[in-house]
Amino acid sequence: MSLEVDLSGQTAIVTGVSSGIGAGVAKMLAKAGAAVAGCSRSLDHSKEVQGLAAEIEGIGGTFYYKQVDVTKNDQLQSFVDYTVSHCGSIDILVSNAGANIFEKALHCGSERWQYNIDLNLQSHWMMGKLCHPYLKKSSNGIILIMSSNHAVATIPGCFPYNVTKTSLTGLVRSLAIEWGPDIRTIGLAPGFIETNGNEDWFRSFSDPQAERTRTIQLHPVGRLGTVEEVGGFCAFLSSSYAAFATGVTYVIDGGRTALLQDM
Ligand SMILES: NC(=O)c1ccc[n+]([C@@H]2O[C@H](COP(=O)([O-])OP(=O)(O)OC[C@H]3O[C@@H](n4cnc5c(N)ncnc54)[C@H](OP(=O)(O)O)[C@@H]3O)[C@@H](O)[C@H]2O)c1
C-alpha cells in the first residue's frame with residue numbers, strides 16, 4: 001500500500017524556474033503529474049530553460065515557458081494569458097521568483113528598497129490577483145508563496161530582503177482569509193538550500209569549506225536542504241492531503257530556527 005501525491009490533470013504556474021528552488025519545484029510538480037508553465041527573465045532557448053524542459057519531458061511531463069520579468073505587471077498578465085491559452089486552466093500558483101537584495105539599513109538607497117518591494121513583495125500579490133479568476137474556478141485552487149526563514153529571524157546586512165519576506169507572512173494571511181474557501185494560500189519559508197547562490201555565498205569566505213561546515217553545524221538535521229525537498233513540500237501542500245492547511249507560512253529549514261545561535 002502507498003500514499004501518492006497525484007496532481008495529474010492540474011496546471012501549475014511556477015515563477016523563477018531558470019535556476020534554484022523554482023526549477024526544483026517545477027520538476028517535482030511535473031513528477032506529481034501537473035502540467036507546468038514556468039517563467040523567468042532568461043530566454044527560452046537558454047541552457048538552463050532547455051535543460052529543465054528536457055528533464056521534465058524526460059519524465060513524461062508537460063512544460064511551457066515564457067520569458068517574463070515579474071516586476072512588470074503587463075508581462076505577468078501576458079504570462080497568465082499564455083498559460084490559460086496553452087493549458088486551459090490554472091489550479092496551482094507557486095510564486096517563487098525573488099532575489100537576495102542584501103544591504104545594511106543605513107546604506108540601502110531608495111532605488112534598491114523599491115526594487116526589493118517590487119520583486120520580493122508586490123510581484124507575489126500581483127501574480128495572485130491575476131491568477132485569482134482561474135484559481136477560483138478550480139476545484140483545488142492553491143497559492144504557494146516563497147518566503148524565507150528571514151521572515152522569522154535575520155542577520156545584519158540582509159535588509160531590506162528580510163522586510164519583504166516578513167511582509168509576505170501578512171500577504172499569505174490576507175489572501176487566505178479573503179480568497180478562501182475557494183483558494184488556499186500558504187507561505188513556504190526555506191532556510192539554507194543547496195543552490196548556486198548559496199554556493200557563491202560560501203565562496204565569498206576566505207575558507208569556503210570551513211564556512212560550509214560551520215553553517216551545517218547550525219542545522220539539527222546535519223546538512224543543508226535540497227531544491228527537490230522544497231519542491232516535494234510544494235507538491236504535498238498542493239494535494240488533497242493538505243486540504244486543511246491555509247493562511248500559514250511553514251518554515252522548512254532543517255531545524256535551524258529552533259536552535260539558539262549562542263552555542
Ligand atoms: N536558496 C535559498 O536558500 C533560499 C532560502 C530562502 C528563500 N529563498 C527564496 O526562494 C526563491 C528562489 O530563490 P533561489 O535561491 O532559487 O534563487 P535563484 O537560484 O537566484 O533563482 C531565482 C529565480 O527567480 C528568477 N528571477 C529573478 N528575478 C526575476 C524577475 N524580475 N522576473 C522573473 N524572474 C526572476 C531567476 O531567473 P532569471 O535570472 O532568469 O530571471 C531565477 O529563475 C526566492 O524567492 C528566494 O528568496 C531561497
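Let's start with Asp253 and the residues around it. Leaving aside anything up to four places away in sequence, Asp253 touches Gly191 and His219. Do keep in mind, as we go, that this is a predicted model.

Now, is Asp253 buried or exposed? Asp253 is buried, and it has no salt bridge. The nearest side chain of opposite charge belongs to Arg256, and that is 6.4 Å away. A salt bridge would need a side-chain nitrogen of Arg within 4 Å of a carboxyl oxygen of Asp.

So what do the polar atoms of the Asp253 side chain have close by? Take backbone nitrogens. The one of Gly255 is 3.0 Å from a polar atom of that Asp253 side chain. For Thr257, the backbone nitrogen is 2.7 Å from a polar atom of the side chain of Asp253.

Let's move on to another part of the model, strand β4, which spans residues 92-95. Which residues lie on each side of β4? On one side you have Ile92 and Val94, and on the other Leu93 and Ser95. All of these are buried, so both faces of the strand are covered.

β4 has strand partners too. Strand β1, residues 11-15, runs parallel to β4, and 3 bridges join them. If you want a spot to look at there, Ile13 stands opposite Leu93 of β4.

Strand β6, residues 141-146, also pairs with β4 in the parallel sense, this time over 4 bridges. Here Ile92 has Ile142 of β6 as its bridge partner.

Terms used:
Residues are numbered from 1 along each chain as its sequence is written. This is a predicted model: local features need pLDDT of at least 70, side-chain atom pairs count only at pLDDT 80 or more; totals for chains, interfaces and linings use all residues. Side-chain values use heavy atoms; hydrogens and water are left out. Buried means under 20% relative accessible area, exposed over 50%, partly exposed in between (1.4 Å probe, protein chains only). Lys and Arg count as positive and Asp and Glu as negative; His and the chain ends are not counted. A polar contact is a pair of N or O atoms within 3.5 Å; within protein, one must be able to donate a hydrogen and the other to accept it, and residues adjacent in sequence count only if both atoms are side-chain atoms. Contact means heavy atoms within 4.5 Å. Helices (H or I, at least four residues) and strands (E, at least two) are DSSP runs, numbered from the N terminus. Two strands pair if DSSP finds at least two bridges between them.
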